[in-house]
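Q: Please take a close look at one part of this model. I would like a connected account of a strand and its partners.

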Amino acid sequence: MSFEGASGTGCPHDSVTSSLSDGGRAITLMYSRFEATTDRAAEMIKRCTSKLKLHYPDGYTYAVVAVDHRGFHDLPAGAVGQLGAQYYFTGLEGEVAARHRFEGPRSTTFHQRHEVATEVWAPCGADLTFNINTSVAVSRGSGATSRATMAIDSQDGSVSEQLNLKWKRCTS
């Protein structure tokens, strides 16, 4: 697997790393600065587009079957946080999208799993880029006067998304 890069307000230069699990069943992206806050209007929505290229053995293909988002939110009463994501292969039809809404009051970590209902398989023998567009947004909403924050983050403080893969043999 090669991480081709990331761009956006949620992932400035050198703030994203990636790793492939043993056995090739999961890819984890770790972000160090992917946080939206109501401190300033320009900070209320953060977006990141990450690009991955997975090199795999001839005769096999893969599909992303679930994506785990780990994070935290500190949302006072009336505040709202949103997590959005789209996944697709460059040049192929078929995009998978998810959106989750969180309402305050809450101040806790979260784990949001998005199961992919329709699997989009990489074409056999092709070397396509897999794109992940992720966003986090916060708003004070009606009645909230204190700061609201939301980030993609794991329990240990590193921001992460995990893509779970399914493999199959290509048919001739």
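A: Gln-86 stands opposite Asn-133 in E10. Strands here are DSSP runs of at least two residues, numbered from the N terminus. This is a predicted model, where local features need pLDDT of at least 70, side-chain atom pairs count only at pLDDT 80 or more, and totals for chains, interfaces and linings use all residues. Residues are numbered from 1 along each chain as its sequence is written, and side-chain values use heavy atoms, with hydrogens and water left out.

E7 and E10 pair antiparallel over 10 bridges; pairing takes at least two DSSP bridges between two strands. Strand E5 (residues 45-53) also runs antiparallel to E10, joined by nine bridges. There, Ile-45 has Ala-137 as its bridge partner.

E10 is mostly covered, with 10 of its 11 residues buried. Buried means under 20% relative accessible area, with a 1.4 Å probe and protein chains only. Thr-129 lies in this strand, which spans residues 129-139. Thr-129 is buried because its relative accessible area is 12%. Its side chain makes a polar contact with the side chain of Glu-4 at 3.0 Å. Such a contact is an N or O pair within 3.5 Å, one atom able to donate a hydrogen and the other to accept it; residues adjacent in sequence count only if both atoms are side-chain atoms. Leaving out residues up to four places away in sequence, Thr-129 touches residues including Lys-51, Leu-52, Tyr-88 and Phe-89, with heavy atoms within 4.5 Å.

E7 (residues 80-89) is also joined to E8, antiparallel, by eight bridges. Tyr-87 has Val-96 as its bridge partner in E8.

Key: Helix = DSSP H or I, 4+ residues; strand = E, 2+ residues; numbered from the N terminus. Buried < 20%, exposed > 50% of the residue type's maximum accessible area, 1.4 Å probe, protein only.
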